[in-house]
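Good morning, and thank you for coming. Today I would like to go through one structure with you, and I ask you to keep it in view while I speak.

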Amino acid sequence: MDYFDRCYIINLPERRDRRREMEKELERAGMPPMPGRVEFYPAIRPESAGPFPSIGAHGCFLSHLGILRAAKTQGLRNVLILEDDLTFAAQFPEVEEKLLGELRETPWDFAFFGHVVEFPEVPPDRAHLEPYAGPIVTAHFYAVNGAVIDRLLGFLDALLQRPPGHPDGGPMHVDGAYSTFRQQNPDVVTLVAVPSQGWQRSSRSDIAPNRWYDRWPLVRSLVALARRGKTWLRGNRRH
């Protein structure tokens, strides 16, 4: 947080379970919530899906868009954006300074610290940022440089005015919107962390329709325990 002007964590106010888990992750990464520095951003949940694939996709898009608008209004030099189901890689605190050192020395517009892009495996001490021009799925741990925010906002606002499937891009998942923007603006510099420094925790989704076991309170609690176990196993298996 010595480098980024602000960090926002997108969280639906009613998802207190995710907020609690995310607070633990932030503490572990040395980024505890702090007004004006590391803040939870109240996620938007619209009344309908509208032209988006689902209500969750619509709300997710509007939430990321709202943060970018806030960053512009406040004149932030850059902004770090997290989603509340993020789990940091075990080695993240050890490589954080190295990655930020590279960021300070390299022109960039997007920096994806968490992603699902496949790269050859490298040991933790060789973690680095790599230029990348392909599509990126997920937007759970990334940064946007202030220099590109105006152009990005213009693009996202234009998407909202077009019908789904428009050849220039219409309403879609926010990660797809970012990939489309980057494809249409090849001068935009995107860096990705190799290896990925965060993934999405296994939890009940706010974007995809919930399965039957997420709608029954008792079963939902048991499934939540199983998901935490899955996340723990995943972290220990990889790191």
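Arg 19 lies over the face of Phe 40, 4.1 Å from the ring centre. Please bear in mind that this is a predicted model. Phe 40 in E2 also has Ile 9 standing opposite. Five bridges join E2 to strand E1, residues 6-11, and the two strands run parallel.

Let us move to the sheet as a whole. In what order do its strands lie? The order is E2-E1-E3-E7-E5-E8-E6, in an open sheet of seven strands with mixed pairing. Strand E2 (38-42) and strand E6 (128-131) are the edge strands, and each pairs on one side only. On average, neighbouring strands are turned by 25° against each other, direction ignored. Helix H4, residues 146-161, packs on this sheet and touches strands E3, E5 and E7. The direction of H4 makes about 95° with that of E7.

I turn now to the aromatic residues, which form 15 pairs in the structure. Why is the pair of Phe 110 and Phe 112 called stacked? Their ring centres are 5.9 Å apart and their planes are at 15°, so the pair is stacked; the planes of a stacked pair are under 30 degrees apart. Phe 110 is buried, with a relative accessible area of 0%, and Phe 112 is buried at 2%.

Phe 113 and Phe 141 make a tilted pair, 5.4 Å centre to centre with 35° between the planes. Phe 113 lies in the loop between E5 and E6 and Phe 141 in strand E7, so this pair ties together parts 28 residues apart in sequence. Both residues are buried. Finally, Phe 113 and Phe 141 belong to one aromatic cluster with Tyr 3, Phe 4, Phe 88 and Phe 92.

Methods. Residues numbered from 1 in each chain as written. Predicted model: local features only at pLDDT ≥ 70, side-chain atom pairs only at ≥ 80, totals over all residues. Heavy atoms only, no water. Pairing = 2+ DSSP bridges. Helix = DSSP H or I, 4+ residues; strand = E, 2+ residues; numbered from the N terminus. Axes fitted to C-alpha atoms, helices over the stretch in contact; angles between N-to-C directions. Contact = heavy atoms within 4.5 Å. Phe/Tyr/Trp six-rings, centres within 6.5 Å; stacked < 30°, edge-to-face > 60°. Buried < 20%, exposed > 50% of the residue type's maximum accessible area, 1.4 Å probe, protein only. Lys NZ or Arg CZ within 6 Å of the ring centre and 35° of its normal.
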